[in-house]
Amino acid sequence: MTRAASVDFAKYQGLGNDFILVDNRHQKEPVITSEQAKQMCNRNFGIGGDGVIFALPPENGVDYTMRIYNSDGSEPEMCGNGIRCLARFVAEKDGAGPVSQKIHTLGGLMQPSLLEDGQVCVDMGPPVLDGPQVPTTLEPTQGSRVVQAQLSAAGREWLVTCVSMGNPHAIVYSTADGASIRVDDLDLAGIGPDFEKHPVFPAKINTEFVEVLSRSHVKMRVWERGAGATLACGTGACALVVAGVLEGRIDRNCRVDLPGGPLQIEWREADHHVYMTGPAEPVFTGSMQL
Ligand SMILES: N[C@@H](CCC[C@H](N)C(=O)O)C(=O)O
């Protein structure tokens with residue numbers, strides 16, 4: 001395995017969730033360490049980003065493999081906005097037009113399609129709803145599912161539904177007394193870390209707070225595991241639509257307004273897969289000394 005003295009990269013963003021992308025298809029292990037990824041993500045001493053994402057050689061008969069480091073150097077299983085960016089990055093590198101890809105991730109098989117209008121639609125596979133698999137030790141409330149379970153965090157009682165989209169999410173639509181969330185009023189930096197490190201989430205957790213505008217339109221803010229408050233979270237948007245359907249609050253096809261802009265999410269009844277459609281934009285390219 002070769003570690004690099006400098007690394008060529010492309011910076012992309014999906015709704016302001018920004019990533020440093022590295023074409024690493026020549027070798028199985030990332031050319032940089034998790035510590036170097038953390039340094040690259042630093043907004044003062046590095047390039048700046050919410051994560052570093054690698055295109056690696058294919059595994060399991062797919063086109064290529066994706067791995068990602070969060071900005072704190074931890075390694076999550078999946079990233080929704082990141083996979084749209086990576087799909088466009090690889091297609092542009094390979095000189096391919098609108099194209100469908102199969103990508104192996106630690107969270108399973110993902111299938112992005114580049115659309116004529118520049119957006120990317122990703123078949124994110126089925127959500128994982130079994131509580132222990134999310135994982136959470138919260139007591140299941142519907143079979144093995146954790147839906148509207150009461151949780152005490154940051155000095156308040158909340159109702160949370162737990163969903164994995166390859167990576168773990170806790171979704172909050174209301175407090176335990178039934179009061180709706182007003183996302184603009186939340187002290188996210190005060191509340192988010194308490195969820196992220198809560199002992200009922202052994203792999204830590206991404207948390208989405210959601211306000212329902214109509215049955216087909218919601219607004220959210222996110223506190224991400226390993227990255228803090230970000231402008232968007234694609235897996236989070238998918239997870240919150242699944243949770244909203246399970247809680248009976250919204251329909252299966254829903255617009256999700258994130259701080260960085262909207263995503264269209266569908267939890268399709270026919271195959272139980274979640275489909276996410278949104279933008280992926282190049283910002284600049286460069287080379288960083290390590
Ligand atoms: N922003 C991402 C999620 C990135 C990973 C996350 N922080 C985790 O640790 O699971 C997205 O768009 O899905």
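Helix H2 (residues 80-93) packs against helix H4 (residues 234-246) at an angle of about 125 degrees, and their axes lie 4 Å apart. Axes here are lines fitted to C-alpha atoms, for helices over the stretch in contact, and angles run from 0 to 180 degrees between N-to-C directions. Helices (H or I, at least four residues) and strands (E, at least two) are DSSP runs, numbered from the N terminus. This is a predicted model: local features need pLDDT of at least 70, side-chain atom pairs count only at pLDDT 80 or more, and totals for chains, interfaces and linings use all residues. Residues are numbered from 1 along each chain as its sequence is written.

**The helix pair**
- H2 and H4 are therefore oblique to each other. Angles under 35 degrees count as roughly parallel, over 145 as roughly antiparallel, 65 to 115 as roughly perpendicular and the rest as oblique.
- From H2, Gly 80, Asn 81 and Arg 84 meet Gly 234, Thr 235, Ala 237 and Cys 238 of H4. Two residues are in contact if their C-beta atoms, placed from the backbone, lie within 7 Å.
- This contact of H2 with H4 has two nonpolar, four polar and one charged residues. Ala, Val, Leu, Ile, Met, Phe, Trp, Tyr, Cys and Pro count as nonpolar, Asp, Glu, Lys and Arg as charged, and the others, Gly among them, as polar.

**The ligand**
- Around the ligand are 18 residues, of which Pro 76, Gly 80, Asn 167, Gly 234 and Thr 235 come nearest. A residue is near a molecule or strand if its C-beta atom, placed from the backbone, lies within 6 Å of it.
- H2 and H4 each supply at least two residues of this shell.
- The shell has four nonpolar, 12 polar and two charged residues.

**The domains**
- The chain is divided into domain 1 (6-120 + 280-289) and domain 2 (131-272). These bounds come from an automatic or database domain assignment.
- Both domains give residues to the shell around the ligand, so the ligand lies between them.
- The centres of the two domains, taken over C-alpha atoms, are 24 Å apart.
- Their contact takes 20 residues from domain 1 and 18 residues from domain 2.
- H2 gives the largest share of the domain 1 side, three residues.

**Local details**
- The peptide bond from Val 134 to Pro 135 is cis, with omega near 0 degrees.
- Leu 15 is not a glycine, yet has a positive phi of about 60 degrees.

**Confidence**
- The chain has a mean pLDDT of 97, and 99% of its residues reach 70 or more. pLDDT is the predictor's confidence in each residue, from 0 to 100.
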